[in-house]
Amino acid sequence: MHQHQFYIDGQWVEPASAARRDVINPATEAPVASIAMGGADDVVRAVAAAKAAFPAFAASSRDARLDLLARIGAAYKKRFDDMAKAITAEMGAPLKMLAGGAQAASGLGHFKAAAAALKDFEFEKRQGATRILREPIGVCALITPWNWPANQMACKIAPALAAGCTMVLKPSELAPLSAVVLAEILDDAGVPAGVFNLVNGDGEGVGGPLAAHPDVDMVSFTGSTRAGKLVMKTAADTVKKVALELGGKSANILLDDADFAKAVKQGVLTLLTNSGQNCNAPSRMLVPADRLDEVEALAAAVLERAVVGDPLSDATTMGPLANGAQFARVQQFIESGIAEGAKLVAGGPGRPAGIAQGFFARPTIFSRVTPEMTIAREEIFGPVLSILPYRDEEDAIRIANDTPYGLSGYVSSADLERARRVARRLRTGNVHLNGAPVDTLAPFGGYKQSGLGREWGAWGIEEFLETKAILGYGAED
C-alpha cells in the first residue's frame, strides 16, 4: 500500500512534507500503520491535475463512463477482502459481520447504483425552442468521514464520475487506509490521469485549502454539523456549490398498534449497528407512555444478546468505537444522562466487563427521557438509546420534529396507511416504515441542520451537475 504517498495525476507521488500520523487500531489502541499528512502545496498540485483533466473527461460519452464504472466494479471485487480488512483495522468494524458484510459491500454497491442511474439519466431535454443541458460542474473536493469510509467515499466518487467531473478526495485522517485501497482500485481500473486524486491530511491542512481553492467548483462534505458549518464558511469566499451530509438525531416512532416485540428488537439492533456510529441511527425511540415498562424490558432483553469484543472474532456483533475522542464523547453523554435524571435501563459508563483496553463502550439504554435532556437533543454517535414516552400520535410527531436535525426517521404500525400518514408529517429526508432497509437508488440527505443536497442514485449524479439553457435552439430535426 501507498500510505506515505498521494495519488495525483495518475501517479503515486511523494508529499510536499515529511509529516506523518499514526493510524490507531481502536480495538488495541496500538498503531497499525502511518500515513503521510498533506498540506496546501499538495492541494495545489492535486487541484491543478483535476482542472487539467476536466475538459476531456467532461466531454466523454455516457458509454465510456459506464465502461469505466464497470471496470471499477470488477477491480473492487478483486480487492474486496483488502478493503474489509483495512476498515476493521482503522475503525474497528467487526470483520465478518460488518466490515465485509456491509461496509465494504456498500462501497461496491454505490458504484453499481451510479451505473444503473447513469444508463437512463437525462442530460438534455427540449423545452419548446429552448434546450436544457445538465453539464458536469467541474473540479470537486470530496471530504469524507471515518464511520463508513468505503460507503462515504464511493457515494461521492461514483456519481461524480458518472456526471463527468474530476475530483480530489480528502478522507478522514483517522480512517485513511481504506482510501489508499480505493485509490489503488481506481488506478487498476484505468481511471484517466487527473480525474481522481487523493491527498491525505486533516481539516486544517487539507480540508480548508480544498474548500477555499478558487479552482474547486464544488465541495461535497460528509461529517459533523459543526464541521459542515466551517466548510460552508470557508467555501463562501469563492461562491462555490457546497453539498453537506451532516448529523442526525432520528426518531423511531412505535405507534400503539405496532408489533412491539418485533419493532423494539429491530430498533435496538439497528442502533447498535456500527457501534451506533451512524448519522441515521434511530437513537430516539418514541413509545406510548402506558407501554413504557414493556418496552424497557424488551429493549434490555435485546441488549443482553449483544457480543462486544474483538472485531476479528466471528462471534462479535459490536466492535469498539472508532477512536479515543469518540469514546470520551460517548462516556460524557452517558454521564449526562445519569446526571439529568434519565432512568438507566442497561449499560452505563466505562468498558464492558472483561475488556481492559480498546475504545469499547457499553451498549446503553436510557428510559423516561424527556425531550429537553442532552441525550435527547445531541447526536451521541454511539451505542446509546433514549426511550421517550408520548401521549398520543400528535405528541409523537411533535417530539420527533422537535430537533435541529432532520436526516432520517422510523415509523412502525400494523396499519401501513397510518404509518404513511405519520411519515409525511416528519421533517426529515428519509423515513423507514416498519423496518424497511436503505435503498441505494433513493435520495439520501437531510432537512434542517442535517445538510444540503442529496446523495445516492440519480440524485447523487444531480448534485455534480450545472444546468444550462440554450434559448433559440430551434425545433428538433
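**Entry 1**

In which sense do β12 and β13 pair, and over how many bridges? I found that β12 and β13 pair in the parallel sense over three bridges. Two strands count as paired here if DSSP finds at least two bridges between them. Helices (H or I, at least four residues) and strands (E, at least two) are DSSP runs, numbered from the N terminus.

Before going on, I noted that this is a predicted model, where local features need pLDDT of at least 70, side-chain atom pairs count only at pLDDT 80 or more, and totals for chains, interfaces and linings use all residues. Residues are numbered from 1 along each chain as its sequence is written, and side-chain values use heavy atoms, with hydrogens and water left out.

**Entry 2: the whole chain**

I looked up the secondary structure and got 15 helices and 20 strands. The radius of gyration is 23 Å, close to the 23 Å from the globule rule for 477 residues, so the chain is as compact as a globular protein of that length. For that comparison, the radius is taken over C-alpha atoms, and the rule is 2.2 Å times the number of residues to the power 0.38. Along the principal axes, the C-alpha atoms fill a box of roughly 65 × 60 × 40 Å.

Next I checked burial: 58% of the 477 residues are buried. Buried means under 20% relative accessible area, exposed means over 50%, and partly exposed lies in between (1.4 Å probe, protein chains only).

I also checked contacts, meaning heavy atoms within 4.5 Å. Of the contacts with a separation of 6 or more, 73% join residues 24 or more positions apart.

**Entry 3: the sheet**

I went back to the strands and traced an open sheet of seven, in the order β14-β15-β16-β13-β12-β17-β18, with mixed pairing. At the edges stand β14 (343-346) and β18 (432-433), each with a single partner strand, so one side of each has no neighbour in the sheet. As a reminder to myself, strands of a sheet pair through backbone hydrogen bonds, either parallel or antiparallel.

Then I followed the strands one by one. All five residues of β13 (residues 284-288) are buried, so the strand is largely enclosed by the rest of the structure. Its arginine 284 is the bridge partner of alanine 251.

On to the next pair: β12 (residues 251-254) and β17 (residues 409-412) are parallel over four bridges. Asparagine 252 has tyrosine 410 of β17 as its bridge partner, and leucine 254 stands opposite serine 412 in β17.

I asked myself which residues of β17 lie on each side. Gly409 and Val411 are on one side, Tyr410 and Ser412 are on the other, and all of them are buried. In a regular strand the side chains alternate between the two faces of the sheet.

**Entry 4: loops**

Which residues does threonine 403 touch, leaving out those up to four places away in sequence? My list reads Lys249, Arg284, Arg377 and Lys448. Threonine 403 sits in the loop between α13 (393-401) and β17, and at 10% relative accessibility it counts as buried.

I then looked at backbone angles. Most residues other than glycine have a negative phi, and most peptide bonds are trans. Phenylalanine 381 is not a glycine, yet its phi is positive at about 60°. I placed it in the loop between α12 (374-377) and β16 (384-390), and its 15% relative accessibility makes it buried.

Asparagine 434 also has a positive phi, about 50°, without being a glycine. It lies in the loop between β18 and β19 (451-452), and at 33% relative accessibility it counts as partly exposed.

**Entry 5: a helix residue**

Is leucine 118 buried or exposed? With 0% relative accessibility, leucine 118 counts as buried. It belongs to helix α4 (residues 95-119). Beyond residues up to four places away in sequence, leucine 118 touches Arg62, Arg65, Leu66, Leu69, Phe123, Ala162 and Ile461. I also noted that its C-alpha atom is 8.2 Å from that of alanine 163, 45 residues apart along the chain.
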